[in-house]
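User: Can you walk me through this one? I'd like the overall make-up, then some details.
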Amino acid sequence: MAVRRDSAVGEQGPDGSKKKRKAAEKVAPVASSAPAAVGAKTVEKTAGKAAGKTVKKTAVKPPANESRTALVRRARRINRELAEVYPYAHPELDFDNPFQLLVATVLSAQTTDLRVNQTTPALFSKYPTPEDLAAANPEEVEEILRPCGFFRAKTRSVIGLSKALTEDFGGQVPGRLEDLVKLPGVGRKTAFVVLGNAFGRPGITVDTHFQRLVRRWQWTAETDPDKIEAAVGALFPKSDWTDLSHHVIWHGRRICHARKPACGACPIAPLCPAYGEGETDPEKAAKLLKYEKGGFPGQRLKPPQAYLDAGGKPAPPLGAG
């Protein structure tokens, strides 16, 4: 979940708009786990198992000079559409308690959630509490964390935050932003992951996927993570922030990739100013899909039951063939 800055998307001219609209007419559903079918005039969506029926919604193209009100409406509609596509979205780090989530999130810098999930079982088995990790031999911890990369720096961080938790917070992970960011290796992004997913307190997780997508969607032109957090947070009610983060990050990992977005398989194509930046042919786009949408396992070794019920697959453990 390392933060990386991406370049802004190109401009959209009148001719480009016409081509994008025409291309959007070809978009079709690509997998049962992504029940959205995008057309130029309508979007057909199966609104969950409970609804039991298909709902048609009018799709719109963002205007060249979008008002603030129109931006808010478009942004919230994108989130609603993604909520239907990813009703089972969840944090993709394995954890059983706030301490495990905090450590896993710190370890996820400069690597994948999958690699962290494959590494932390051995760490938490040997050091299940902050007190245990605070008293650990750094060399032994380094050996466990070696697969995560930057293992020496990460060892210092997780031992340091464990000591701080033990000495300053009675061995408990604090539930306040101002306390979390004082811990070694913990910034606002990490703090909001913990607050939103371990304590149920809303927060926006501005990781590399989130940064890339909100700029592609022209929700903001900011590049600083804190400014992105403020700009996007202003578009949504606070109660939506945590789920919004999951929806955007999942979409970035599965469809709206950094180098080659699968535009032809995107359920929000008519709402996206950057449509056409990636592959628009539905068949070719379908081959770009990642994780459960492409038939591959997700990031977690122990995913929630809702994810498994939706056809998702658990990731393989470290060293599995």
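Predicted model: local features only at pLDDT ≥ 70, side-chain atom pairs only at ≥ 80, totals over all residues.

User: What does the secondary structure of the chain come to?
Analyst: The chain has 15 helices and three strands, taken as DSSP runs (helices H or I, at least four residues; strands E, at least two) numbered from the N terminus.

User: And how much of the chain is buried?
Analyst: Of its 321 residues, 51% are buried (under 20% relative accessible area, 1.4 Å probe, protein chains only).

User: Switching to helix 5 and helix 7: at what angle do they pack?
Analyst: Helix 5 (residues 113-126) and helix 7 (residues 138-145) pack at about 155°, with axes 9 Å apart. Axes are lines fitted to C-alpha atoms over the stretch in contact, and angles run from 0 to 180 degrees between N-to-C directions. The two helices are therefore roughly antiparallel (over 145 degrees).

User: Which residues make the contact?
Analyst: Helix 5 brings Thr119, Ala122, Leu123 and Lys126, and helix 7 brings Glu140, Val141, Ile144 and Leu145. Contact means heavy atoms within 4.5 Å.

User: How many cavities of 30 Å³ or more are there?
Analyst: Five. A cavity is a set of points on a 1 Å grid over the protein atoms alone where a 1.4 Å probe fits but cannot get out.

How values were computed. Residues numbered from 1 in each chain as written. Heavy atoms only, no water. Parallel < 35°, antiparallel > 145°, perpendicular 65-115°, else oblique. 1 Å grid on protein atoms, 1.4 Å probe; cavity = no way out; pocket = protein on both sides within 12 Å on 5 of 7 lines; lining within 4 Å. Points joined across faces, edges and corners; volume = space filled by probe spheres on them. Buried < 20%, exposed > 50% of the residue type's maximum accessible area, 1.4 Å probe, protein only.
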